[in-house]
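Trainee: I am new to this structure. Please take one part, the aromatic rings, and go through it closely.

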Amino acid sequence: MDLSQILYSLGESEPDMASGAVSPPILQTSNFAYSTFQELKDVLTNEYDNSLYSRGHNPTVRLLEKKLAAIQGTEAALCFGSGSAGIAAAVITHLKQGDHVICVRHCYSWTRKLLSITLEPYGVEVDYIDDFNEESLKNVQRENTQMLILESPTSLNFHVPDIEFGMKYAKDQGWLTLIDNSYGSPLNDNFAKLQPDYIAHSATKFISGHSDVVAGVICGSLEKMKQVFYNGYMTFGAMLSPFDAWLLIRGLRTLPIRLEHSGTTADEISRFLVDHPKVSSVNDPFDTNHPYHERAKTQFKHRVSMFSFELDVNSQQEVAAFCDRLKVFRLAVSWGGYESLVLPACALPNNEHPIGLIRIYIGLESPESLIQDLKNAFNAIHQSS
Ligand SMILES: *Cc1c(COP(=O)(O)O)cnc(C)c1O
């Protein structure tokens, strides 16, 4: 289906939504009532497809799910109150005591904590690997391996693991697979054709785009979505509210425009940083000199406006001087909104990265204002040392 049709009309004339209103209704209700015994009985037997209670099915949320599945190119999708909730529900639906999971090492920090803090005490075994190749997978795989958790690029260092190989290997072994693709967004990845069981997104990021919602989605087959629905989704109850679903539908309408705009600006910023004497390296998978540029090009359709770079400094003080001078860039976690951000690695507890490493996310501001802001901040390092 044509992308603009998905973004601007798909699902919006279904009976629950159709009122002639151009903006779809927010069905802000916890409960749905039926007028006959038989109707109620029918709905009770199929909660996935019918509005019974909004912890399960809600038409505004389902409208968003239809659009996200269509963009991602999967049969169905299931939305959650956060990206982490979606990942946890999918993983917990399948794993039991004695199962083994393999996960990419520098995955999203709360995915790692889901495995190590929440699941290991229940008897789930976990191994982390840096990249997916024959050797790394053979080294850790076991009889009881059940699932492979993939993510690309990995956090802060912007390594690009070989997702294609990992997927192929996992399929041969019959393992379940989950790819966290918050980075690419459903519009921008080539992962659906590898047919993972789950593609997970933090919808807080690009899908929302306005830094006003925390949300998540998992995409996959209808069978898998139903399996999670009747397990981790309903039991944990981490559903998305109808109002937040409506905000995400609104955010989605401009997703392609936002991605393109921030991507173009990111090209300029990346070049500026590559050329800057106070920058020792730029970890931008979309820079043609990045060691995994070719791999990144097979994984993503367009450049993504987040990467990292390393300030040529020796102290946290110099990093602080750089950060404190920024006026347009804000100091914050998360990303995917209109506002450009930096996240200095050495501000993180238990930082394992070089002291000067900084993650940079490019939003929708003008490239001129962002570059001027960076220039001012680079000058502040000289003054501090
Ligand atoms: C933000 C993020 C998450 C978690 O999403 P929330 O919506 O914050 O729960 C998971 N994976 C990646 C790659 C992320 O960037």
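Mentor: This is a predicted model, in which local features need pLDDT of at least 70 and side-chain atom pairs count only at pLDDT 80 or more, while totals for chains, interfaces and linings use all residues. Residues are numbered from 1 along each chain as its sequence is written, and side-chain values use heavy atoms, with hydrogens and water left out.

Rings of Phe, Tyr and Trp (its six-membered ring) pair if their centres lie within 6.5 Å; planes under 30 degrees apart count as stacked, over 60 as edge-to-face and the rest as tilted. By this rule there are 18 aromatic pairs. One of them is edge-to-face, because the ring centres of Phe80 and Tyr233 are 5.2 Å apart and the planes stand at 75 degrees. This pair links distant parts of the chain, 153 residues apart: Phe80 is in strand S1 (residues 76–80) and Tyr233 in helix H8 (residues 222–236). Helices (H or I, at least four residues) and strands (E, at least two) are DSSP runs, numbered from the N terminus. Phe80 is buried, at 1% relative accessible area, and Tyr233 is buried at 2%; buried means under 20%, exposed over 50% and partly exposed in between (1.4 Å probe, protein chains only).

The rings of Phe243 and Trp246 are stacked, since their centres are 6.0 Å apart and their planes at 15 degrees. Both residues lie in helix H9 (residues 242–252), three residues apart, about one turn of the helix. Phe243 is partly exposed at 39% relative accessibility, whereas Trp246 is buried at 18%.

Ring pairs also link a cluster whose members include Phe158, Tyr183 and Trp335.
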